[in-house]
Amino acid sequence: MTYEDILYEERGDGVARITINRPDRYNAFRGQTVEELIHAFQRAGWNKKIGVIVLAGAGDKAFCTGGDQTAHDGQYDGRGTIGLPIEELQSLIRDVPKPVIARVQGFAIGGGNVLATICDLTIASEKAQFGQVGPKVGSVDPGFGTAYLARVVGEKRAREIWYLCRRYTAQEAMQLGLVNAVVPHEELDAEVDRWCAELMERSPTALAIAKRSFNADTESIRGIASMGMQALSLYYDTDESREGGIAFREKRKPDFRNPAKKSEG
């Protein structure tokens, strides 16, 4: 596969770095982006020379801000239940038998926040911001983004994150349990490298067994996600959901309770 939306690098120290390369879109993903991420994770995940995978976002502004609203008119622009094979990517991050580190230098919002949550470890710049946005734009992640988040931060906090769609600083995210370490912005890459170096000194088989053991406890969420995405697909075809995307593109507040009053163009 020729990558257009991501960058892929295999380093000599056993680290593979996968970077979402759409900084002009705050590294939001479209259908093609997700397909390339899937290909890259399969490529690195089953390469015995690779011991750690780092997921990053290009530029200084954003790690990832979720689905690209310009590619979202009801369904998204690719394959899968909602036009994005996002549940396939989420499962793959969990399934590859090696640690995945999220390197978060800026916004980890919406689907980007979900990706950072699903990664085994998250290391953030002090400039990073985390949070959900789905209910503000007529969307939701009805699987790992909600159920697994509750396992990470607790039910009350997970509901707060999703219901209110607030922003959280890197330090607040670490207090919630979403982040493993927060460092000055200019030290982020050095810190990620230190964690990678430590992991490369550990038994790869032991790490793989540990990862699968952790995943076993939350594996039922995969089924919840599959069912939830079917419901989400139906929701995306409603006026209420479409109002969220239209309002976002028109840079106004959505009127979810009277969506028929608003129209694009």
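Predicted model: local features only at pLDDT ≥ 70, side-chain atom pairs only at ≥ 80, totals over all residues.
Local features were considered at pLDDT of at least 70 and side-chain atom pairs only at pLDDT 80 or more, whereas totals for chains, interfaces and linings use all residues. Residues are numbered from 1 along each chain as its sequence is written, and side-chain values use heavy atoms, with hydrogens and water left out.

The protein chain contains eleven helices and twelve strands, assigned as DSSP runs (H or I, at least four residues, for helices; E, at least two, for strands) and numbered from the N terminus. Its radius of gyration is 18 Å, close to the 18 Å given by the globule rule for 265 residues, so the chain is as compact as a globular protein of that length; the radius is taken over C-alpha atoms, and the rule is 2.2 Å times the number of residues to the power 0.38. The C-alpha trace spans about 60 × 35 × 35 Å along its principal axes. Of the 265 residues, 53% are buried (under 20% relative accessible area, 1.4 Å probe, protein chains only). Among contacts (heavy atoms within 4.5 Å) between residues at least 6 apart in sequence, 69% join residues at least 24 apart.

Helix α3 (residues 111–118) packs against helix α5 (residues 144–153) at an angle of about 45°, with axes 10 Å apart; axes are lines fitted to C-alpha atoms over the stretch in contact, and angles run from 0 to 180 degrees between N-to-C directions. The angle makes α3 oblique to α5, a class that remains after roughly parallel (under 35 degrees), roughly antiparallel (over 145) and roughly perpendicular (65 to 115) are assigned. V114, T117 and I118 of α3 meet F144, G145, Y148, L149 and V152 of α5. By class, this contact comprises six nonpolar, two polar and no charged residues, where Ala, Val, Leu, Ile, Met, Phe, Trp, Tyr, Cys and Pro count as nonpolar, Asp, Glu, Lys and Arg as charged, and the others, Gly among them, as polar.

Notes. Buried < 20%, exposed > 50% of the residue type's maximum accessible area, 1.4 Å probe, protein only.
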